[in-house]
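This report describes selected parts of one protein model. Look at the sequence and the structure first, then read on.

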Amino acid sequence: MRLTREAEIAIGLLVACARAPGGLVQTQTAATALGISRNHAAKIAHRLMVAGLVATTRGRSGGLGLAQPADTIPLSDVLRLMQPDALEIVPAGTRGPHFARLDAIVGAARSGFIALMRGVTIADLAMEAAAGRLACLDCRFLHTAHGTTPSIPHHRCPERPSHASVPHG
């Protein structure tokens with residue numbers, strides 16, 4: 001799956017809001033951090049505001065802030081807004097019998113992607129790298145998000161020494 005730049009920017013803006021001291025981030029500050037123009041950031045922020053994901057405060061000490069708690073905003077909601085085709089599943093066999101198996105495989109992969117995006121929130125992304133559910137990408141969280149079990153019974157995680165030799169399964 002490949003996210004559009006607009007979807008990445010929207011997620012980046014939401015994460016910036018979640019991390020901001022006092023809950024507000026200025027559009028220019030977020031735009032600079034994301035490597036985009038203030039106008040581009042403002043256009044995407046407007047879409048997020050219309051969707052009820054961010055609120056804006058005008059004035060000198062104003063900015064963008066989350067309109068709801070970060071742990072209630074799954075990435076699937078952001079993708080549904082910014083890149084709706086990423087969450088579409090094409091039924092197997094609609095392109096003819098030659099593509100039926102391929103369509104089934106792609107559909108299963110996309111279903112796993114969608115389930116994972118439903119299970120990850122802006123709060124997860126806003127945490128420091130060494131904290132939270134996403135600190136170790138081989139951990140049970142990612143496997144249970146899409147209903148699979150890991151194929152490797154033990155792993156060593158360089159990011160989190162406490163996870164070394166943790167049995168999974």
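## Helix α3 and what follows

Just after α3, glycine 52 takes a positive phi of about 80°. The model is predicted: local features need pLDDT of at least 70, side-chain atom pairs count only at pLDDT 80 or more, and totals for chains, interfaces and linings use all residues. Residues are numbered from 1 along each chain as its sequence is written, and side-chain values use heavy atoms, with hydrogens and water left out.

Helices (H or I, at least four residues) and strands (E, at least two) are DSSP runs, numbered from the N terminus. Helix α3 covers residues 38-50, 13 residues in total. From its first C-alpha to its last, α3 reaches 18 Å, close to the 18 Å expected at 1.5 Å a residue; the expected span is 1.5 Å times one less than the number of residues.

Which residues of α3 are buried? They are Ala41, Ile44, Ala45 and Leu48. They cover an arc of only 105° around the axis, which puts them on the same side of α3; the arc is that of the directions from the helix axis to the C-beta atoms. An α-helix has 3.6 residues a turn, so residues three or four places apart point the same way. Buried means under 20% relative accessible area, exposed over 50%, and partly exposed in between (1.4 Å probe, protein chains only).

On the other side of α3, Asn39, Lys43 and Val50 are exposed. The buried residues of α3 pack against α1 (5-19), α2 (27-34), β1 (54-57), β2 (63-66) and α4. Contact means heavy atoms within 4.5 Å.

## Alanine 55 in β1

Alanine 55 lies in strand β1. With a relative accessible area of 35%, alanine 55 is partly exposed. Not counting residues up to four places away in sequence, alanine 55 touches Gly63, Leu64, Gly65, Leu66 and Ala67.

## Glutamine 83

Glutamine 83 is in the loop between α4 (75-82) and α5 (100-119). Its relative accessibility is 5%, so glutamine 83 counts as buried. Leaving aside neighbours within four places in sequence, the residues in contact with glutamine 83 are Arg2, Leu3, Thr4, Ala7 and Val78.

The side chain of glutamine 83 reaches the backbone oxygen of arginine 2 at 2.9 Å. A polar atom of the glutamine 83 side chain also lies 2.8 Å from the backbone nitrogen of threonine 4.

How values were computed:
A polar contact is a pair of N or O atoms within 3.5 Å; within protein, one must be able to donate a hydrogen and the other to accept it, and residues adjacent in sequence count only if both atoms are side-chain atoms.
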